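Please keep the sequence and the model at hand while reading.

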Amino acid sequence: MAVDKTQVLTALRAIASPRGVPLADAKVLSEIMASDGKVFFSINVDAKEARAWEDVRAKAEAAVRAIPGVTTVMVALTAERKPGPAAAPAPHQHSHGVKPVAQHRPQGAPADSPMSKQAAIPGIGSVIAVASGKGGVGKSTTALNLALALRDLGLRVGLLDADIYGPSVPRLTGVREKPALNDAKKMIPIVRFGLPLMSIGFLVEEETAMVWRGPMVMSAIRQMLWDVAWGELDVLVVDMPPGTGDAQLTLAQQVPLRGVVIVSTPQDLALIDARRGIAMFDKVNVPTLGIVENMSYFQCPECGTRSDIFGHGGARQEAERLKVPFLGEIPLHMTIRTSSDAGTPVVDSEPGGAHAAIYRAIGTEIKRQLVGAAVST
């Protein structure tokens, strides 16, 4: 049964705003996206009133979920401060770090702790992020093949595609189906290659532009972390969007990350952004598990001549300079590209090949770090 915006607005008129006005008429709703049983929208209010609106957000989500034909609901509360004179900093506070998120801390949490909302995801032993300072360096391909390598090393592994604006996992895995809901109203991840997978790309069409503000992105990531029936996993690999923004901060502040893998090409421009990524995660106390140099070199399949298209060795040198592990070099190779585009990642489609061996070597080092950290805690 198709669900349209009119049905959603009708359901929302039964919800009263804090001022007693029906929510649908309160002029706080974003554009409502309703397609194939999936409904997404945000409630935009002033930050000073955010606490009063949180109960309204929860009631709105419940009301829309009750509409026949609705399978997925995502309602974000966008709380923005109106422009005004900057408040003077309180004594002993500093402007660096990630202080702005402290205003959302739960009662009783230290005012200066951006990690005050961290909570482990039930059933998941470790959460690791695969990140990059910029796009186009092959981060998603690396994340998927790394997850498969950890699977081959005997771990129970899941993969979360946290890139809301540009999800790649549906194409990389060849998944076109939509996740269903279990009796607890949690999304059931799609299983492929023995990995439970979740991506916003499973919920929207491939060509859909996700024109969402930061709070909507943060809400989506939170839902894909806690409102998914992940089951029992040793490791959840999170494919992060490029950059150092809302998604990265949300993940670091919501779950206790065991560490981050930084993916870069050897090119100086990519390495500059990789440094920024490492610095950001360092500020939120997330250790760097290591740096991967992707597209490290090109070896001609016809003549065997090696070409360092983007330079070579830059990531290794950067790892040495920053005193973090260097995890390995992945070549620029047609097989990796074609297998990724076909939805048959190379670690699974050519498990005995040289490229799969490189990813497994990287996975072996990451597993060693995770096991060591677990033993020491």
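The account below moves from the whole chain to its sheet, and then to selected helices and loops.

## Basis of the description

The model is a predicted one: local features need pLDDT of at least 70, side-chain atom pairs count only at pLDDT 80 or more, and totals for chains, interfaces and linings use all residues. Residues are numbered from 1 along each chain as its sequence is written, and side-chain values use heavy atoms, with hydrogens and water left out.

## The chain as a whole

The protein chain contains 11 helices and 13 strands. Helices (H or I, at least four residues) and strands (E, at least two) are DSSP runs, numbered from the N terminus. Of its 377 residues, 48% count as buried. Here, buried means under 20% relative accessible area, exposed means over 50%, and partly exposed lies in between (1.4 Å probe, protein chains only).

The accessible surface of the chain amounts to about 17,600 Å², and carbon and sulfur atoms hold 54% of that area. Accessible areas come from the Shrake-Rupley method with a 1.4 Å probe; for residues, only the protein chains shown count as cover. Among contacts in the chain with a separation of 6 or more, 73% are between residues 24 or more positions apart. A contact means heavy atoms within 4.5 Å.

## The open sheet

Eight strands make up an open sheet with mixed pairing, in the order S6-S7-S5-S8-S4-S9-S10-S13. Strand S6 (190–192) and strand S13 are at the edges with a single partner strand each, so one side of each lacks a neighbour in the sheet. From one strand to the next, the twist averages 25°. Helix H5 (residues 214–226) packs on this sheet and touches strands S5 (157–161), S7 (195–199) and S8 (233–239), its direction making about 165° with that of S5. For such angles, axes are lines fitted to C-alpha atoms, for helices over the stretch in contact, and angles run from 0 to 180 degrees between N-to-C directions.

Strands of a sheet pair through backbone hydrogen bonds, either parallel or antiparallel. Two strands count as paired if DSSP finds at least two bridges between them. Strand S10 (residues 288–294) is largely enclosed by the rest of the structure, because seven of its seven residues are buried. S10 runs parallel to strand S9 (residues 259–264), to which five bridges join it, and Val-260 has Thr-288 of S10 as its bridge partner. Four bridges join S10 to strand S13 (residues 326–330), again in parallel. Within this pairing, Asn-294 has Ile-330 as its bridge partner, and Glu-293 stands opposite Glu-329.

Strand S1 (residues 33–35) and strand S2 run antiparallel and are joined by three bridges. Ala-34 stands opposite Val-39 in S2. Eight of the nine residues of S2 (residues 38–46) are buried, so this strand is largely enclosed by the rest of the structure. The hairpin has two residues between the strands, and Asp-36 takes a positive phi near 50° there.

## Helix H9 and Ser-340

The buried residues of helix H9 are Ile-336, Ser-339 and Ser-340. Seen down the helix axis, these buried residues fall within an arc of 100°, so they line one face of H9. The arc is that of the directions from the helix axis to the C-beta atoms.

Ser-340 lies in H9 (residues 334–341), and its relative accessible area is 6%. Its side chain reaches the backbone oxygen of Ile-336 at 2.8 Å. Not counting residues up to four places away in sequence, Ser-340 touches Thr-141, Arg-171 and Leu-172. Just after H9, Gly-343 takes a positive phi of about 75°.

| Residue | Loop | Phi | Relative accessible area |
|---|---|---|---|
| Lys-27 | between helix H1 (5–12) and S1 | about 60° | 83% |
| Asn-285 | between helix H7 (268–283) and S10 | about 60° | 65% |

Lys-27 has its positive phi although it is not a glycine, and it is exposed. Asn-285 likewise has a positive phi without being a glycine, and Asn-285 is exposed.

Methods
A polar contact is a pair of N or O atoms within 3.5 Å; within protein, one must be able to donate a hydrogen and the other to accept it, and residues adjacent in sequence count only if both atoms are side-chain atoms.
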